[in-house]
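This report covers domains, chain contacts, helix packing, backbone geometry and confidence, in that order. The structure comes first.

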Amino acid sequence: MIGWRLWLPLLAVALLLGLFALQLGRPKDDFVRSALIGQPLPPFRLEPAVPGQPALASTDFADGRPRLLNVFASWCVPCAAEAPQLTALKAGGAEIVAVAIRDKPADVAVFLARYGNPFSRIGGDPYSQLQIALGSSGVPETFVIDGQGVIRHQHIGDIRAADVPRLLEELRDAG
Amino acid sequence: MRLLLALLLALLPVAAPAQDSLPPAPYAYRQLDDPRLEREARDLMDSLRCLTCQSQSIADSDAPMAGDMRHQVRTRLAAGETPEAVRGWLIGRYGDYISYRPAPGATTWPLFAVPVLLLVAALLVIARRLRGRSR
Amino acid sequence: MIAELGLAALWLAAALAALQLLGGVIALARGEAEPLAGLVRPAAQVQALLCAIAFAALLYLFAVTDLSVALVASNSHSAKPAIFKLAGAWGNHEGSMLLWITVMALAGGLIAWVEHRLPERTLLATLAAQAFVGLGFYAFLLASSNPFARMVPAPAEGAGLNPLLQDIGLALHPPVLYCGYVGLSVAFSFAVGALLTREVTPTFARVMRPWVLGAWVALTLGITAGSYWAYYELGWGGWWFWDPVENASLMPWLAATALLHSAGVLAARDALRTWTLMLGVVAFSMSMIGTFLVRSGILTSVHAFAVDPERGTFILVLLALYIGGALALFALRAGTVAEGERFAIVSREGGLVINNVALSAILGIVLLGTLYPLLTEALGFRVSVGPPYFNPVGAIFFLPAMAVLAVGPLLRWRQDRLARIRWQMVAVAIAFTVALLAAWLLAGIALLPLLGMALAAAVAVGSVLPLARRKLTRAPLTLWGMVLAHLGVALAVFGMAADSAFTTERLVALRTGEQTSVGPWRVILENVEPVAGPNWTALTASLQVAHAGGAPVLLEPQARSFWAPAQQTSESALLTRWNGQLYAVIGGQAPGDGPERWQLRLWWKPFVTCIWYGGGLIAFGGLLALIGHVVGDLRRRRRWREARA
C-alpha cells in the first residue's frame, strides 16, 4: 500500500523533466499574437503621419476591398529592411495602408523618401493607441483586413521575400 | 560643462539605436490628480505585463510601449472606466498573457485546484498527527 | 600557458572524481577494507586542490585580461575596474560552472578530511555520491563549456561585461549563491549515502546539519542581496517581482528551510527520517531546476544570463540522472528505513511538522506558478502568472505558518500542553491584537499587509520569549541563532507589509530650481550636470531634500550610458532614515517648450529597509547556529578522543 506511493515523486519529476525536454526541443516563440483575428477593426481616426498625405480611419476599410495594414516606424531598422517586400506586395496588386508608431512627421517623410512609399494612406499614432487597440506588440507588423473591416491575419516581424506570396494569398482569401 | 551636456544629449540616441524620437505620452510619467484613481491605476499597472520587456510589469519599465500603456490605463481610468474593464479590454487585445493575474477559467483551473489540494493534503497530514496523539 | 595549466588541473580533478566514485562503489559492494576504498578520501582531498588551482588560473587570466582566451575576450574589457575584471571570471556561464565545481570539490575535500562520526561505509557512499554529481559537472565543463579555450587570433579588445552586472553587490552575488547550491548538493550526497546504507540516524542529521545551515545562510544572503540589487538598480522601487529567476532562487531556499527544521527534529528526536531524506533530495533538485530554468532560457526573465539551449540540454540530462536516480533509490529504499520516534501534535516536533507542511505547500505553489506558463505554452496558449497570484495564494499557507512560528519554539519536545505556555500565548496574542488594531484604525491598510503586520508583531514577541528567564550570557549560541533568525522573519515581513501599505510615489517633471514633495519630504531640483565615469557618461541630478524642519541633504541620482556594450541604466539615489528610505531616480528630459524640465521619480518608502535588515538578521541567526553546532561538534569530538586515549 505504501510501496507504490513512494514512486509518486519520481513520476512527478519525470513528467516535469519531460515538459522541460519538450520545451527545449522546440524553437522559442516570443511573439505575442493579437487576440483580435476574426474580429472587426476597432473604430479609430488618426491624424496624417505626413502632412499632405491622406490620413487613416477605420471607416476607410468599409468599401469592400481587402487591404494590408502595415504597422511601422521610421526609427525601426527591420521596417526599413522590409520596404522592398512592401513594394513587391504593392506591385502584386495589394493595397497597403500604414500606421506610423511614435513618429515625427519629418522623420516619416525622410523614411518614405529613402525607402519608397507603397502606402495609399498613412496615419500617425504618437502614443501607440491604435497599436494597443490592435493587439500589436511591436514594429513592424502587418495585418490583413478584409473588405468589411475584419482582421483576418497578423504577420509579426519584418516581411521576408518568402512571405510575399503568402500575404498576397491571404489577401485574396480575404477578398 | 554645457558643451559636455550637449554632447552627451547628442550621444544618447546613438547609445540606444532602436529608440524612437518622440517624447513619452503625457500620462506615461505623470500621475493622475485624483489620488484614489492613481492608486487604482498603479494597482492595475502593477499587474499588466510589459510586452516588449522581459518579464516586467508596465509599472516598472522604461520601454516606450510600457509608457504608452500606462498612458492608456491612466486616461481610461480618468475617463471613468473601471480597472477591471480596462484589464478586460487589454485581454481582448492581447489574450490572457497581458495580465499577471490569471482569472479562474478553463485554461487556468490547475492554478487554483492545486493550492486547494495542497491545503487538503496539509490538513490531512496534521489531522493524522492529531489522531496519533490519542493512541 | 596558465590557461593550459588550468585545463590540465581540471582534467586531473575529473579523473580523481572518477576514482573516488569507483572506490566508493567498491566499498559499498565489498566492504571498506578493499584497497581502492582507501583511496576515496585522498582522492577527494587532492581533487579539491586541483580545482582550486584551475579556478585560480581563471582568476589570473581575467586579472591580466588575457584576450587570447575566448572567455576573457567575450566577457572582459581592458578599461574595466579591477574588481569587475575579477568578477568577470564568474559573471558568465563557463566561469560560474567552474566556480561551482570548485566550491563543491572544496566541500568534498573538507568532508573527507574531518568527518569521522558516520559509519565509514556511509561516509564512503556519501563521497561516491558527491563524485557522481561532480563528474556530471566536469563532463559539462570539459565537453561543452571549456572556460580555458583559446581564441585564434586574439582580438584587440574584449567585448565587456554587461553594465547591469558591473556592480559590487552583483559581483559577489553568484559566489554566495553557489556556496548555497553546493551546501545543498552536500546534503543531497549525505541523503543518498544514508539511503544506500539505510543508516538514517540522529548522527546522520547532525553531520548533515552544518552543511544545510551553511547553504541556507548563503541562500538567504543571496536572495536578500539580489532583492536589494533589483530594488536600487532597476530604478522603479520594486524589490520582488515573482520573476522566474527570483522564484528559481526562492525554491531551493524554501526547501532548505524545511530541511533545516526537519533535520533538527531528526537530530534531536530521531523522528521524520524518510521525510528528511526526501527533503535532502528535493532541496538540491530545486537548485538544479533553478539553474536549468535560468540557463536554458525556456522561461522569460529580466535576470536571465548565459542563455543557451544546448547547455540547457546538458543540465537537463544531469537533472534526470541526479534527481531521477535519487528518487528511484528513495522509492526502493525508503520503505525499508525504520520508522522514527512518534510524537504528539502539541509538541516542538508538531510545530515543526506544520512549518514543514506549510513550507512545502508554498514551494509547490511557487513551482506551479513558475512552470504553469511553460506548460500552457506547450499546449499552445500563453498565460502570465505574477504577484496578484503568488501573494494571496502563498499567504494562505504563509500566514498560518507565521502564527505557528510565534508559539512553536515555546513548546517542549515529544509532548506538551498548551496550558503550560498560556502566559506566553497571551503575550503573543496581545502583540497580535495591538498591532492589528493600530494598523487598522490608524492607517486603514489592506487585508494582506494588515495581517502581515499583526503576525510580524506576534512572531517578534513570540520569538524572544524562549530567552525569557534564562541567563542571556549562558544561553547556547544555537538558541540565540534561532531567536535572531525568527526575529529576522518578523522584521522582514513587517518591512514588506509596511512597504506595500505606506509607500507614496511622486512622478514629476521639474525645471531646475523647482520643488515638489513626497511623503514628509520636500525635494528641490538644484541642477542637472553631465559626468564622465571610467566606462560610462551620465547625467547627474542634484536634489536638495529636507524633512519638515530638518537640515537639507543632497541626493544625486544618475542616468548612465555605458558604451561597452551600449546600454543605459539608472542609478537611483537613496536616503536612508531609521523609518524608511527616500528613493530618487532621474529619467530623461521631459517634453515641452521653454527651459528644459527633467523627469523625476520619487518614492518615500516607510520601513522598507526592514526587509533587508530582516534578511540579514535571518542569515546572522543561521550563522550563529552554525557556529554553535560546529563548536559543539568539535567539543564532543575532543571529549570522545580524550575518553578513548
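This is a predicted model: local features need pLDDT of at least 70, side-chain atom pairs count only at pLDDT 80 or more; totals for chains, interfaces and linings use all residues.

The contact between the two draws four residues from domain 2 of chain C and eight residues from domain 4 of chain C. On the side of domain 2 of chain C that touches domain 4 of chain C, one residue is nonpolar, two are polar and one is charged.

**Contacts between chains**

Where chain C meets chain B, 45 residues of chain C and 41 residues of chain B take part. On the chain C side, at least two residues come from each of α12 (348-379), α13 (387-407), β3 (521-532), β4 (536-547), β6 (558-563) and β7 (566-571). Helix α12(C) provides the largest share of that side, 11 residues. By class, the side of chain C that touches chain B consists of 27 nonpolar, 14 polar and four charged residues.

Chain A also touches chain B, with 21 residues of chain A in contact with 19 residues of chain B. On the chain A side, helix α6 (residues 129-134) of chain A gives the most, with three residues. The residues of chain A that touch chain B comprise 11 nonpolar, six polar and four charged.

Two packed helices are described by the angle between their axes and the distance between the axes.

| Helix pair | Angle between axes | Distance between axes |
|---|---|---|
| α1(C) (residues 2-30) and α2(C) (residues 40-63) | roughly 160 degrees | within 8 Å |
| α2(C) (residues 40-63) and α5(C) (residues 93-114) | about 150 degrees | 8 Å |
| α16(C) (residues 477-502) and α17(C) (residues 610-644) | about 170 degrees | 7 Å |

The axes of α1(C) and α2(C) cross at roughly 160 degrees, which makes α1(C) roughly antiparallel to α2(C). Helix α1(C) passes α2(C) in a left-handed crossing. The contact of α1(C) with α2(C) involves 23 nonpolar and five polar residues, and no charged ones.

Helix α2(C) also packs on α5(C), at an angle of about 150 degrees, and this makes α2(C) roughly antiparallel to α5(C). The crossing of α2(C) and α5(C) is left-handed. From α2(C), the residues that meet α5(C) include C:R41, C:A44, C:A48, C:C51, C:F55 and C:L58. Among their partners in α5(C) are C:G95, C:L98, C:T102, C:A105, C:G109 and C:W113. The contact of α2(C) with α5(C) is made of 14 nonpolar, six polar and one charged residues.

The crossing of α16(C) and α17(C) is left-handed. By class, the contact of α16(C) with α17(C) has 21 nonpolar, 10 polar and one charged residues.

**Backbone geometry**

Most residues other than glycine have a negative phi, and most peptide bonds are trans. At C:W242, phi is near 55 degrees, a positive value in a residue other than glycine. Residue C:W242 is in the loop between α8 (202-233) and α9 (244-269) of chain C. In chain A, the peptide bond from A:V139 to A:P140 is cis, with omega near -10 degrees. Residue A:P140 is located in the loop between α6 and β5 (141-145) of chain A.

**Confidence**

For the complex, the predictor gives an ipTM of 0.88 and a pTM of 0.92. Chain C has a mean pLDDT of 89, and 96% of its residues reach 70 or more. For chain B the mean pLDDT is 81, and 79% of its residues reach 70 or more.

Within chain B, confidence is lowest in helix α1 (residues 2-15) of chain B, with a mean of 36. Helix α4 (residues 83-94) of chain B has the highest confidence in that chain, at 95. Residues 1-18 of chain B have a pLDDT below 50, and this stretch has 17 contacts in the model beyond near neighbours in sequence.

Conventions
Residues are numbered from 1 along each chain as its sequence is written. Chains are lettered from A and ligands numbered from 1 in the order in which they are written. Axes are lines fitted to C-alpha atoms, for helices over the stretch in contact, and angles run from 0 to 180 degrees between N-to-C directions. Helices (H or I, at least four residues) and strands (E, at least two) are DSSP runs, numbered from the N terminus. Angles under 35 degrees count as roughly parallel, over 145 as roughly antiparallel, 65 to 115 as roughly perpendicular and the rest as oblique. A crossing is left-handed if the near helix is turned anticlockwise from the far one by less than a right angle, and right-handed if clockwise. Ala, Val, Leu, Ile, Met, Phe, Trp, Tyr, Cys and Pro count as nonpolar, Asp, Glu, Lys and Arg as charged, and the others, Gly among them, as polar. Two residues are in contact if their C-beta atoms, placed from the backbone, lie within 7 Å. pLDDT is the predictor's confidence in each residue, from 0 to 100.
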